[in-house]
Amino acid sequence: MGRVEELIKAHGELEREVYLDFENSSPVPSEIVEAMLPYFNRIAYGNPTLTHKPGWEAYEAIWKSAEKIAGFIGAREPEEINFTPGETEANNLALMGAALKNRRNGRKIIVSEIEPLSVLHVCRMLENYGFITVKVPVDGEGFVDLEELKRAVDREVVLASFMSVNNEIGTIEPIKEIVEIVKDRSPEAIFHTDASDAYGRIPFHVERLGVDLATISSYKILGPRGVGALYVRSGVPLEKILEGQFGTQKLWPGVENTPLIMGFYSASEKAFANFERNVEHMRRLRDKLINGILEGVDEAILNGPRDDKRAPDNVNVSFLKCEGESLTVELSLKGVYVSSGSACTRRILQPSHVLLAIGRRFEEAHGSILMKVTRYHTDEDIDYVLRAIRESVARLRTIYGSMGG
Amino acid sequence: MSRAPLPYSPKILELFRNPKNLGRMDDADAWAVAGNPACGDMITFYLKVGEGEVVERASFESYGCAANIATSSILTEMVKGKTLREAWEISWKQVAEEVGGLPSVKFHCGVLAVGAMRRAIREYYKRRGETPSWIPKEPTFEEKQALEEEELAKRLAKRIGGGI
Ligand code: FES
């Protein structure tokens, strides 16, 4: 017997299952799986650098995907799209690659306090090589403090990295203004944005924003895991961070995974096919979920901004007197799948750095859950989730009881 | 800060779903708290003591993960019918065994449960104004861990500026 087989069995027959943990992984819709299938064994299964038909087919497929994705983000050339195995790898490549290649321009790296760990931890590593990280604070809704930013940027800044949309609390950052502030004070600086939570959900255009590097990820738009891309504006110097046999991807060695790239491409196409309608649908369900929780559960608070300042898919709520990890387990038993920023879900006793950065107290951060809605969710799904949350929080609060008070 | 995989045992899940001896005890002879909501781990442990210092009943309240709830709950069962001295001897490892094992990142939840129970026993004797010689003056490992966790939460909160 496996280690958690009993846990899975304990769920029994579920009335409904609603997956909302799109922050951490995603089921791939059948239509996207269908689009990938031929590339496993019918066509383009060759290595795209080789001189035979399956190789050329792969070359063609990857090129077309890059061309389309370049179009979706407003890049000028398909060559500016570099496929990587995902967001983590693209962020590592962006930060290490830019810092190491351009170290003569300065030693300062500037980021916000709420960047993902694949940015913050890379900064920490780069500090071992003589770089200095400056973290700009954010306000109570997660917006970068532009005055602090202005004070912090000088000619020493070699690299800046600010995410377009915060993955945990959905804050849509004013990237264009941030780019201007950075480039004004340090024209040589390279600007990176992790746009994984922006791509396919808000208008995102690299040329209009003026960014040099941008990370996008496949599973965050319902594509398969294991693939993402780093946009690198042509002419921006970047060091490779892995060595090996290089193929069509000049910054990432190894054999290209054509089926995954095709899945990423197909997911992108579907997200952009009815962009406005998709976004409107997500936004409506998002607000239904947020309002339903805030109206239906006492001592619940929304984390992050509202309305147009918030990503259309993101819901992040904290419940007092109800610890988040317990809540994820309780909800799972009802077929509702979410994640939490509680310290109990982490290796060390510290809750989500994003929630702390926006000034949430520890007990508020521990009681947080993160959910994302998609164009596939229905009103019935949200009604079911709201009921499950009300019941689950109520039961866990009976365990909290009076706490000796 | 990364996430930890949590292969909970079936016993933990069972106690999480149907915790035994849950809730405040109004006629408790002693009770104690370990941890606090800021660390995300908190347990209140209540004791009802009868003839010959035998634990008649114990109950708990908890704020924390499924392991926290399960270990506190099982401990209220384990102490029942034991003398306070016997109850004192229960270690967090025995508690972990009793729930079918704990994932390593969850050891501290079992430790906290034992810490709360020992504090309640100390409290019992404090109220009576006599401390038997088998109770060490210094806090035991489990009690120390509880203290450390409380301290850590205070320190982190101060550094980050969040109030507790
Ligand atoms: S109570 Fe936080 S990890 Fe168990």
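Modeller: Let us begin with one residue. Glu299(A) has 41% relative accessibility and therefore counts as partly exposed; buried means under 20% relative accessible area, exposed over 50%, and partly exposed in between (1.4 Å probe, protein chains only). This is a predicted model, in which local features need pLDDT of at least 70 and side-chain atom pairs count only at pLDDT 80 or more, while totals for chains, interfaces and linings use all residues. Residues are numbered from 1 along each chain as its sequence is written, chains are lettered from A and ligands numbered from 1 in the order in which they are written, and side-chain values use heavy atoms, with hydrogens and water left out.

Biologist: With which residue does Glu299(A) form a salt bridge?

Modeller: Side chains of opposite charge can pair when their charged atoms come close. A salt bridge is a side-chain nitrogen of Lys or Arg within 4 Å of a carboxyl oxygen of Asp or Glu. Here the closest N and O atoms are 3.4 Å apart, and the partner of Glu299(A) is Lys321(A).

Biologist: Is Lys321(A) buried, partly exposed or exposed?

Modeller: The relative accessibility of Lys321(A) is 35%. Lys321(A) therefore counts as partly exposed.

Biologist: Which is the relative accessible area of Lys48(B), and which that of Asp29(B)?

Modeller: Lys48(B) is buried, at 17%. Asp29(B) is partly exposed, at 24%.

Biologist: What separates Arg127(B) and Glu123(B) within their helix?

Modeller: The side chains of Arg127(B) and Glu123(B) meet in a salt bridge (3.3 Å, N to O). Both lie in helix 5 (residues 107-128) of chain B, 4 residues apart, so the separation is about one helical turn.

Biologist: Which side chains meet in a salt bridge across the interface of chain B and chain A?

Modeller: Across this interface the rule finds 1 salt bridge. Its N to O distance is 2.5 Å, and the side chains are those of Glu325(A) and Lys106(B).

How values were computed: Helix = DSSP H or I, 4+ residues; strand = E, 2+ residues; numbered from the N terminus.
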